[in-house]
Amino acid sequence: MRFLDIIEKKKTNQELTKEEIQFWIDGVTDGSIPDYQISALLMAILFNGMSEEETATLAEAMMNSGDVIDLSSIPGIKADKHSTGGVGDKTSLALGAMVSACGLKLAKMSGRGLGHTGGTLDKLESIEGFNIFLTEEEFKKQVSEIGLAIIGQTGELVPADKKLYALRDVTATVDAIPLIASSIMSKKLASGSNTILLDVKYGEGAFMHTVEDAKKLATAMISIGNRLGRNTMAMITDMNQPLGNTIGNALEVEEAVETIKGEGPKDFTELCMCAGEIMLMQGNVANTKEEARKMLEEAISSGRAYEKFLQMVEAQGGNVEQIKNTKLLPQSKFVTEMKAKEAGYISNIHSQQLGILAMHLGAGRATKEDPINYAVGLKMNSKKGDKIAQGDLLCTVYHDEELKPEWIEHFYDTFIYSETPVDAIPIVEEILK
């Protein structure tokens with residue numbers, strides 16, 4: 001088999017066979033196919049796409065390019081969820097504790113952030129001593145005993161994806177939906193869970209900017225999961241403003257803790273409840289949305305969700321006193337209130353810009369080598385649709401260095417006002433399966 005023939009085949013919009021895709025991924029993994037030929041195939045896929053069968057085959061071949069976690073020794077259905085990311089997305093922290101408190105086992109491998117804000121692992125590492133580097137056996141033991149573990153990738157999961165993504169990044173082929181879908185799903189499949197819930201975000205602060213593109217990506221990932229024997233569903237959710245009220249690592253941990261105690265922001269709480277309903281039904285813990293919501297509400301009101309989060313933190317070496325008293329989490333040197341310079345209804349908040357501003361404070365990374373400052377970030381006091389008077393508090397900024405004039409100018413530019421009321425957008429646009 002010649003790789004040149006595979007490039008030619010995709011260039012003329014023909015479907016690749018399972019054997020051809022396997023040959024490609026084997027060559028990526030062992031380095032036998034040169035980068036320039038792989039790049040040519042990636043560009044052909046960007047232009048001509050892949051069928052559902054090709055995309056599922058690609059995800060499976062990538063999954064099998066490295067270690068695959070076997071969770072079959074853990075009794076019951078094991079669940080996983082994935083978010084395509086956004087500004088203020090701390091969902092895994094609260095949602096994991098909520099569904100686990102209802103009897104579902106969540107076995108989640110997460111990543112670090114690159115860009116606006118920290119990823120799930122960065123948020124957890126703002127808790128003193130929290131260990132994300134469990135061995136595979138430690139991971140399984142914790143999921144079996146506690147029903148909840150969130151860790152970094154163990155072993156060598158999906159090495160083909162790492163090599164392909166590095167090439168996609170430098171060849172302008174990142175935004176090919178079959179490549180995005182197979183990249184995400186290969187890692188989810190290799191993590192070993194039975195059910196997968198995808199939170200696919202759309203809007204300015206998301207990877208997919210429109211509802212239509214978010215649905216295309218979600219549909220492609222659902223097809224992969226279901227073809228490969230995983231119960232896979234997706235939520236299409238709004239990211240045209242920050243999720244919840246906080247942007248920044250320790251601040252988001254604090255908000256997640258407030259949420260599992262029933263004191264979280266309305267939009268973030270509703271997202272967690274909707275996701276929890278789906279996950280409990282996927283895991284056969286509840287039969288209907290109504291039953292699932294009642295279970296989740298009881299898990300919060302009884303304190304069991306909060307206790308579950310404490311159990312996870314303690315099991316992974318974290319300082320539980322910081323969860324019992326979140327003021328013990330990392331604190332910034334300075335706190336500045338940003339007040340409205342004009343009056344009106346907030347018609348838009350440029351969430352991506354707010355995420356970038358948080359990154360400049362130190363809450364995110366411009367490059368993967370950059371350190372994270374766990375203490376800094378933003379706490380929003382206003383959301384889209386709110387009526388604002390001049391002088392009202394828009395946001396509290398937590399920072400370790402003086403705010404530069406251009407930072408302040410960019411901050412105010414993120415808020416767009418209207419003279420007339422603005423309708424709120426539902427946090428969950430649609431649920432796909």
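Author: A word on the annotation first. UniProt positions are given here in the numbering used for this model, and such annotations may be inferred rather than shown by experiment. The model itself is predicted.

Now the stretch. An unreviewed UniProt entry carries the annotation "domain: Pyrimidine nucleoside phosphorylase C-terminal" for residues 345-418.

Start with strand β11. It runs over residues 393-399 and is mostly covered. Six of its seven residues are buried. Two strands pair with β11. One is β7, residues 334-339, which runs antiparallel to β11 over six bridges. In that pairing, E337 has T396 of β11 as its bridge partner. The other is β9, residues 377-380, also antiparallel to β11, over four bridges. Here M380 is bridged to C395 of β11. In a regular strand, side chains alternate between the two faces of the sheet.

Next comes helix α17, residues 405-413. W407 and F411 both sit in α17. They are four residues apart, so about one helical turn separates them. A search of the whole structure finds three aromatic pairs. W407 and F411 form a stacked one, with ring centres 6.0 Å apart and 5° between the planes. A pair of aromatic rings is described by just such terms, the distance of the centres and the angle of the planes. Stacked requires planes under 30 degrees apart.

W407 has 7% relative accessibility, so W407 counts as buried. F411 is at 0%, so F411 is buried as well. The aromatic group extends beyond this pair. W407, F411, Y412 and F415 form one aromatic cluster.

Rings elsewhere in the model have a lysine over the face. K90 lies over the face of F268, 5.2 Å from the ring centre. K261 lies over the face of Y306, at 4.9 Å from the ring centre.

G203 lies in the loop between β4 (195-202) and α10 (211-227). Its relative accessibility is 1%, so G203 counts as buried. Leaving aside neighbours within four places in sequence, G203 is in contact with M208, H209, M239 and N240. K163 is 40 residues from G203 along the chain, and their C-alpha atoms are separated by 28 Å.

How values were computed: Residues are numbered from 1 along each chain as its sequence is written. This is a predicted model: local features need pLDDT of at least 70, side-chain atom pairs count only at pLDDT 80 or more; totals for chains, interfaces and linings use all residues. Side-chain values use heavy atoms; hydrogens and water are left out. Buried means under 20% relative accessible area, exposed over 50%, partly exposed in between (1.4 Å probe, protein chains only). Contact means heavy atoms within 4.5 Å. Rings of Phe, Tyr and Trp (its six-membered ring) pair if their centres lie within 6.5 Å; planes under 30 degrees apart count as stacked, over 60 as edge-to-face and the rest as tilted. A charge sits over a ring if NZ of Lys or CZ of Arg is within 6 Å of the ring centre and within 35 degrees of the ring normal. Two strands pair if DSSP finds at least two bridges between them.
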